[in-house]
Amino acid sequence: MSPRRARRLGPYERPDGRGAVRPVDSVPGVDQVESAADGDWVVRKVSGAALAKTYRCPGCEQEIRPGVPHIVSWPAWQGGEEERRHWHTACWKNRANRGPGRNRY
Ligand SMILES: [Zn+2]
């Protein structure tokens, strides 16, 4: 068994697979927890090289194309993994400057 960070099997995983989220481990990268004004966030830097999918950045609402290094973040509380979002690295850093009234994701 690898001692590497076991994936939590929590109440948020549904045995029937309906509504299941992809395991976080499917995105290779390094996790960090950042404390911000809007709470604690787990931030994972990803190279993008392993991803075949285009994501939409909630910061600028532009696409993040495969192969573009970016970050994935989600709230650092239980169940927060279901709120994972892919962000351009710069957009994530700038999110606090987006002003009130915007969805924090
Ligand atoms: Zn962006």
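Which residues make up the largest nonpolar core? The nine are W41, V43, C57, I64, I71, V72, W74, W87 and W92. A nonpolar core here is a set of buried Ala, Val, Leu, Ile, Met, Phe, Trp, Tyr and Cys residues joined through C-beta atoms within 7 Å.

## About the model

This is a predicted model, in which local features need pLDDT of at least 70 and side-chain atom pairs count only at pLDDT 80 or more, while totals for chains, interfaces and linings use all residues. Residues are numbered from 1 along each chain as its sequence is written.

## Overall layout

Let's start with the outline. The protein has six strands and one helix, and from the N terminus on its elements run β-β-β-β-β-β-α. Both kinds of element are DSSP runs numbered from the N terminus: helices are H or I with at least four residues, and strands are E with at least two.

Of the 105 residues in the protein, 14% are buried. A residue counts as buried if 20 or more other C-beta atoms lie within 10 Å of its own, exposed if 12 or fewer, and partly exposed in between, with C-beta atoms placed from the backbone. Among contacts with a separation of 6 or more, 42% involve residues 24 or more positions apart; a contact means that the two C-beta atoms, placed from the backbone, lie within 7 Å.

Four strands form an open sheet in the order 1-2-5-6, with antiparallel pairing. Strand 1 and strand 6 are its edges, each pairing on one side only. From one strand to the next, the twist averages 30 degrees, taken between axes that are lines fitted to C-alpha atoms (for helices, over the stretch in contact), with angles from 0 to 180 degrees between N-to-C directions. As a reminder, strands of a sheet pair through backbone hydrogen bonds, either parallel or antiparallel; here two strands count as paired if DSSP finds at least two bridges between them.

Now for a walk across the sheet. Strand 1 (residues 30-36) and strand 2 run antiparallel and are joined by seven bridges, and a hairpin connects them through two residues. Within this pair, V30 has K45 in strand 2 as its bridge partner. Strand 2 (residues 39-46) is in turn joined to strand 5 by six bridges, again antiparallel. Here V46 stands opposite H70, and R44 stands opposite V72. Three antiparallel bridges then link strand 5 to strand 6 (residues 85-87), where H86 is the bridge partner of V72.

## A closer look at E61

E61 sits in the loop between strand 3 (55-56) and strand 4 (63-64). Is E61 buried or exposed? E61 counts as exposed because it has 8 C-beta neighbours inside 10 Å. Its phi is near 60 degrees, a positive value in a residue other than glycine. The C-alpha atoms of E61 and H88 are separated by 9.9 Å, although these residues are 27 residues apart along the chain.
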